[in-house]
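Student: I would like to learn how to read a few local features of a model, beginning with the backbone and then turning to the packing of side chains. Could we look at the structure together?

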Amino acid sequence: MIARERDTHHDHRRDHRHNHDHGPTGLRSAVRDLFRPHSHDAADSIDTALEATERGVRAVKISFVALVVTALVQLVIVFLTGSIALVADTIHNFSDALTAIPLFIAFRVAQREPNRRYTYGYRRAEDLAGIFVIAMIAISSVIAAAEAVNRLFHPHEVSHVGALVLAGLIGFAGNELVALYRMKEGKAIGSAALVADGHHARTDGFTSLAVALGAVGVWAGFERADPIVGIAISIAIFVVLVGAAKQVYYRLMDAVDPTLVDRVDAVARATEGVASVNSVRLRWLGHRLAADIEVAVDASLRVREGHDVAEHVRHHLLEGVAHLDDVRVHVDPHGDTDAHTHGHTHA
């Protein structure tokens with residue numbers, strides 16, 4: 001029986017530094033892009049680390065401005081109406097906007113080159129930012145709940161009901177636009193943190209509608225409708241917290257969608273010269289995927305031939321798997337001969 005040896009190791013990171021023309025930027029173009037069709041083919045996906053990071057930074061900036069404007073408008077109406085439900089919603093919108101700051105820092109830090117201490121680079125900074133997002137969601141949930149419970153037992157007159165309804169509608173519109181934009185960009189670049197923040201904004205939008213419903217309840221004569229809606233908002237925030245925490249936990253534990261593993265396995269097996277795929281390991285580093293694959297080739301192949309097979313596997317994976325830009329291919333001998341390839345190659 002032939003002893004199983006590791007013979008060739010390829011360590012490839014795709015990092016193309018091309019200039020890209022993204023067209024006009026700003027809120028107007030962002031809103032237009034929300035409804036512009038995008039291809040989901042792997043060949044058309046965002047597949048360079050630099051471009052993906054810059055796109056994420058732009059999404060963070062635009063959504064931050066949109067949410068701050070929305071929250072400021074609501075804050076003005078809070079002083080007019082005295083609504084605790086609107087206070088809760090405004091606090092949450094401000095905290096949601098502030099989560100853009102650690103995301104922005106994380107995207108920038110992730111661009112640093114690997115070094116002797118951080119040999120895999122700084123892409124995990126995005127996952128650390130996700131922890132901050134969770135903390136902000138938790139804090140806003142506690143504050144909103146405390147204020148709502150206090151107002152439930154100490155009712156406060158709510159005035160300017162019409163303005164309150166308007167504030168709820170403004171909150172919904174602003175948050176929904178931000179949610180659509182964040183989720184679209186997050187999915188395009190593979191950022192779980194940005195997608196989670198998009199779902200967070202969407203929930204804020206629906207809770208803003210709940211504020212409007214509370215105002216209608218007060219107008220109908222049910223004074224405690226406002227704090228009750230405030231409590232409902234707190235519960236909704238907690239639900240978002242659980243979902244966001246789960247996503248961040250998966251990233252920190254190197255969990256990936258099993259269909260991604262199946263995709264990588266299928267692409268590698270379909271490569272000419274690959275006799276079998278012995279193992280596939282994937283992990284997210286921020287919004288980019290890294291792969292470590294072990295394939296077997298005919299043991300009679302020469303070093304150069306084994307290297308060529310590994311190169312073909314690498315190229316097929318980079319072309320066929322979205323968000324993948326760091327590929328390591330290990331080549332083992334397969335068959336019943338004593339010919340083994342040996343070497344170490346970098347591309």
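Student: In which loop does Asp254 lie?

Tutor: Bear in mind that this is a predicted model. Asp254 lies in the loop between α8 (225-252) and α9, and its phi is positive, about 60°, although Asp254 is not a glycine. With a relative accessibility of 30%, Asp254 counts as partly exposed.

Student: How should I read the nonpolar core, and which residues touch the most other members of the largest one?

Tutor: In soluble globular proteins, nonpolar side chains tend to be buried together. Here the largest nonpolar core has 24 residues, of which Ile293, Leu317 and Leu324 touch the most other members. At least two residues of this core come from each of α9 (258-269), β2 (276-285), β3 (288-298), α10 (303-320) and β4 (324-334). Apart from it lies another core, of 16 residues, including Val133 and Val229.

Student: Which residues form a nonpolar patch on the surface?

Tutor: Val65, Val69 and Val73 form such a patch, with about 220 Å² of accessible area together. Val69 belongs to helix α2 (residues 49-81), and Val69 is partly exposed, with a relative accessible area of 46%.

Notes
Residues numbered from 1 in each chain as written. Predicted model: local features only at pLDDT ≥ 70, side-chain atom pairs only at ≥ 80, totals over all residues. Heavy atoms only, no water. Patch = residues over 30% accessible without salt bridge, like charges linked within 9 Å, V, L, I, M, F, W, Y side chains within 5 Å. Areas by Shrake-Rupley, 256 points an atom, 1.4 Å probe, with all protein chains shown as cover. Salt bridge = Lys/Arg side-chain N within 4 Å of Asp/Glu carboxyl O. Helix = DSSP H or I, 4+ residues; strand = E, 2+ residues; numbered from the N terminus. Buried < 20%, exposed > 50% of the residue type's maximum accessible area, 1.4 Å probe, protein only. Core = buried A, V, L, I, M, F, W, Y, C linked by side-chain atoms within 4.5 Å.
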